[in-house]
Amino acid sequence: MKRLTWTYALALWITLSACQTQAPQEPQDQAQWMVDNAQRYLTDRAWRRQHLETSLWRPELPYARKRLDSYGLERGGWDKLQTIAPTVAPVRADGQPSDVHNDGQNLLPQQLPTTVEGWRALGKEVFWKMPMRRDAYMEWIAQRPELWDDVGLQTDKDGNIRGLTRFEDARGNQRVGLTCGICHGDNGVAGKAARQLDLGHARALFSQALGNTPGTFEDWGPGRVDVTSDSVDDPLTIKNLWGVPHQSHINTSGSIQLHSPAALAVRFETQFIVGHAMEARPNRALMWALAIYIVTLDRPQTEPQTDTPGADVFQTRCAGCHNPQRGYSGDLVNAEALTSSQQSARSPLRGTGFYKTPSLLGISSGGPYLHDGSQPTLGDLLDSGHPFGQPLPEDDKHTLLQFLQTL
Amino acid sequence: MNTLRILILSTLAITALTACGDDTDYSGGNTDPETTEFELEATYISGHYGSYRDCAEEAFNPNAEGNRPEGGEGFMPAPDEDSADADCAEGEDCGGLFNCQHAQVTIELANPGDEDAAAIDIAELLILDAEGIERASLPILSTQRTDDNTDFDGNLAAGAAQNLRIDFRGPLNLHDLIANEDEDSDGDSFSNAAAPLRILIKVNNKNAETLDTPAIDALPEIDT
């Protein structure tokens, strides 16, 4: 009897321990959970490692292997990298030089926030100003105002190039980095995909300036980026970020499982490290803040008209995958069942054979649509028979389009 | 009497055979004259084999003679608006920027012993294939301390640890360098190529530590 009691006690303890790592589902609750667990993320290596391992549900993929080989190890690995100083300066549109030491802003506050609002405010600064990666071609573009319109760069209300930031790299050189805002902050709206941004054209211009062939960069087109250096040419649309907290997975092929918002912070942390050529890591508090900010992004200024015939059609034909209760997102879908291109699902670096079901929040802001941008408009998308090749009757299509334009 | 004689002779024979069988010194010291007495510990932190898309001439070429290492930063310098000496299309000022980055590996080197170590040298970097066979020695360009980006002077105090960044010439084509002749060669194998690096560390020209990294790959152009 005594042994049975201990067994039950042990089982209960194990269960409760597991529950401590399970995050709530609602974004606002997720944010509070993250505030409550901030210190754990900052100080508990094993906890971070656990979240990494859970999120990379296909560990055999090269994308996962690289991170599993290096992040959150007991000894060595990326935790031992030096941290890049979180001091940044804007890249001015008038060509006036800025200097991190003279004009810089330290993103890291003296005291970390203690409320959701405080962490959100910090995350907002990170979103617009933290260099998540640095690229030589963009540094070259930043010096040539005559090319900015061509590649879709924007200037903000302060006269700075939106989405670019100056910082000091691990070797002490001042560099230009790309922030989240360059791709996901169109016209200063956090979370909105910059569909005019043509990074492929920018890369092509740079290659040509070096006397090299541009390769397939020009095939990307505005609003699309091939995010993997592999044998597959699969430029993907830049995504809106509003529905991220509702999604079960991120990356087009769902290679990262979002079992917890902590997985998002880990993802940002490793994204930064790779974006800086594995020479430095970011301050973890800033990555945690960024994740809280993404989880709590203000929704687009839309009002879904749920009491319409179009909403009924949606409920019948679309809600099985795009669940209204989950920000119109859903779970993974077997790519072979879909009419869309299979290339990304078969990527040698990240392909899982599946596609994530993205959130539809904000789709009324414009196309192109699907993961590869192959459908310019929502009408084209429905005409293609998305998702399984069965076009709707005309009446249903018409009313559904009206509903989709309210998302 | 005969029995006693046999026992004595047997004992002597066994003793003689035992004495001749092994001359290994079991006193606890390492008798390999090429290995130093220092016990350095190296731990892998990060690394990649570089990106040479726009500067193939900077990569390691196993067929080139005189492929001697030269000093210099692992990454092409930050933008210099006054620079006009970029290797780019004629008449075009590329501002000194290249889409290139030399290979680098970062390690933590520790001296857990009681004596200061001097004349520490990152002696050699060897790229290994899937069977662990050394396929090439990659030229080292520089070894720097990561805390202040100064050149490593080879000294490490007793009980101290130092992170070092080693810049080296990576292969232009990693897959070709490590592939076996009977291996299939396709786009996937090219893009997925990865190989461990063996780092040989010496003190006073004697072997001090050997570190084999996990498989590392070329620096991707993009990998978000």
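1. A word on the model: it is predicted, so local features need pLDDT of at least 70 and side-chain atom pairs count only at pLDDT 80 or more, while totals for chains, interfaces and linings use all residues. Residues are numbered from 1 along each chain as its sequence is written, chains are lettered from A and ligands numbered from 1 in the order in which they are written, and side-chain values use heavy atoms, with hydrogens and water left out.

2. Start with the sheet in chain A. Five strands form an open sheet in the order β2-β1-β4-β5-β3, with antiparallel pairing. β2 (105-106) and β3 (133-134) of chain A stand at the edges with a single partner strand each, so one side of each has no neighbour in the sheet. Strands here are DSSP runs (E, at least two residues), as are helices (H or I, at least four), numbered from the N terminus; two strands pair if DSSP finds at least two bridges between them.

3. Look next at one pair within this sheet. β4 (residues 160-168) and β5 (residues 174-178) of chain A run antiparallel and are joined by five bridges. T165(A) has G177(A) in β5(A) as its bridge partner.

4. The structure holds six cavities of 30 Å³ or more; a cavity is a set of points, on a 1 Å grid over the protein atoms alone, where a 1.4 Å probe fits but cannot get out, and lining residues have an atom within 4 Å of a point.

5. α5 (62-68) of chain A, and β1 (41-48) and β10 (216-217) of chain B, each supply at least two residues of the lining.

6. R144(A) sits in the loop between α8 (136-142) and α9 (148-151) of chain A. R144(A) counts as buried (under 20% relative accessible area) because its relative accessibility is 11%. Its side chain reaches the backbone oxygen of W140(A) at 3.0 Å.

7. Finally, T377(A) lies in the loop between β11 (354-355) and α15 (378-383) of chain A. The C-alpha atoms of T377(A) and G367(A) are 5.6 Å apart, with the two residues 10 apart along the chain.

Notes:
1 Å grid on protein atoms, 1.4 Å probe; cavity = no way out; pocket = protein on both sides within 12 Å on 5 of 7 lines; lining within 4 Å. Points joined across faces, edges and corners; volume = space filled by probe spheres on them. Buried < 20%, exposed > 50% of the residue type's maximum accessible area, 1.4 Å probe, protein only. Polar contact = N/O pair within 3.5 Å; in protein donor to acceptor, adjacent residues only side chain to side chain.
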